[in-house]
Amino acid sequence: MTASTQNDQSAPPPRRSAATRHAILAAARERFASDGYERATIRAIARDARIDPSMVMRYFGSKEGLFAAAVALDLRLPDLARVPRDEVGRALVGHFLGLWEENEELTAVLRVGATNEAGAERMRGIFQEQLLPVARQVCPDPEQVPARAALCAAQLLGLALTRYVLRLPPARALAREELVAWLGPTVQRYLTAPSP
């Protein structure tokens, strides 16, 4: 028996469920990227993965659950160490407005996160992995970083919900500069002001 054959026999065979899950996720990423969330269908994703649509539902429960598992969002948050301390709030609000306006996936993740546990878990992961480290750069009290980051998230997600998901006319009518002027000081206070 050759070493190669011996290694092949000693390694456990790949688990079929892991391979199926991987195929579904790969197909979903491709389909969501090409068609967007609204136009992508479970049937098309299943066809791309060469499986029955019921298998997608078995693994992910719903289109929303599949999307939450498949999407990888990088908020590309700015390095706040390079931003003047008194401009941090405005910089973050401006950055998030740019993201929301150019990234359909972000709006879809917010919509899914509000109605689906897998989507909510994905949003919590983004908060934990991406927003907390940025808040940590400027927060005056390390123990308050999670609470202050959560307050910032409440402002930014509230804006996104009203402007991009619910599409409330007054929220949609505000110019980008107005939004930065209104919300920048609030986010600034949450991140850098002394504790109340």
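## Helix 2 and its buried face

In helix 2, the buried residues are Thr20, Ile24, Leu25, Ala27, Ala28, Arg31, Phe32, Gly36 and Tyr37. Here buried means under 20% relative accessible area, exposed means over 50%, and partly exposed is in between (1.4 Å probe, protein chains only). Helices are DSSP runs of H or I with at least four residues, numbered from the N terminus. The cover over these buried residues of helix 2 includes helix 3, helix 4, helix 5 and helix 7 (104–115), where a contact is a pair of heavy atoms within 4.5 Å.

Before going further, please keep in mind that this is a predicted model, in which local features need pLDDT of at least 70 and side-chain atom pairs count only at pLDDT 80 or more, while totals for chains, interfaces and linings use all residues. Residues are numbered from 1 along each chain as its sequence is written, and side-chain values use heavy atoms, with hydrogens and water left out.

How far apart are the end C-alpha atoms of helix 2? Helix 2 runs over residues 16–39 and has 24 residues, yet its end C-alpha atoms are only 29 Å apart, short of the 34 Å that a straight helix would reach at 1.5 Å a residue. The expected span used here is 1.5 Å times one less than the number of residues.

Have a look at Ala33 as well: a kink of about 80 degrees in helix 2 is centred there. The bend at a residue is the angle between two fitted axes, one through the seven residues ending there and one through the seven starting there.

## Arg31 and its two partners

At 18% relative accessibility, Arg31 counts as buried. Its side chain meets that of Asp35 in a salt bridge, at 3.0 Å from N to O; a salt bridge is a side-chain nitrogen of Lys or Arg within 4 Å of a carboxyl oxygen of Asp or Glu. Arg31 and Asp35 both lie in helix 2, 4 residues apart, which is about one turn of the helix.

Arg31 also forms a salt bridge with Asp48, the closest N and O atoms being 2.8 Å apart. This pair links distant parts of the chain, with Arg31 in helix 2 and Asp48 in helix 3, 17 residues apart. Asp48 counts as partly exposed, at 36% relative accessibility.

## A link from helix 11 to helix 6

By the rule for salt bridges, the count comes to 8. One of them joins the side chains of Arg176 and Glu101, at 3.7 Å from N to O. Here too distant parts of the chain are linked: Arg176 is in helix 11 and Glu101 in helix 6, 75 residues apart. Arg176 is partly exposed, with a relative accessible area of 32%, and Glu101 is partly exposed as well, at 42%. Salt bridges that share partners also join Arg31, Asp35 and Asp48 into one network.

The 17 residues of helix 11 (residues 176–192) should span 24 Å at 1.5 Å a residue, and the end C-alpha atoms are 23 Å apart, which agrees. Helix 11 does bend by about 35 degrees at Leu183, and a proline, Pro185, follows within four residues.

Which residues of helix 11 are buried? They are Leu179, Val180, Leu183, Gly184, Val187, Gln188, Tyr190, Leu191 and Thr192. These buried residues pack against helix 6 (88–102), helix 8 (117–138) and helix 9 (145–165).

Helix 8 also holds Ala120. Ala120 is buried, with a relative accessible area of 14%, and its C-alpha atom is separated by 8.3 Å from that of Ala68, 52 residues apart along the chain.

## Two arginines in loops

Most residues other than glycine have a negative phi. Arg50, however, has a positive phi near 60 degrees. Arg50 is placed in the loop between helix 3 (42–49) and helix 4 (53–60), and at 77% relative accessibility it counts as exposed.

Arg76 has a positive phi too, near 45 degrees. The place of Arg76 is in the loop between helix 5 (63–70) and helix 6. With a relative accessible area of 44%, Arg76 is partly exposed.
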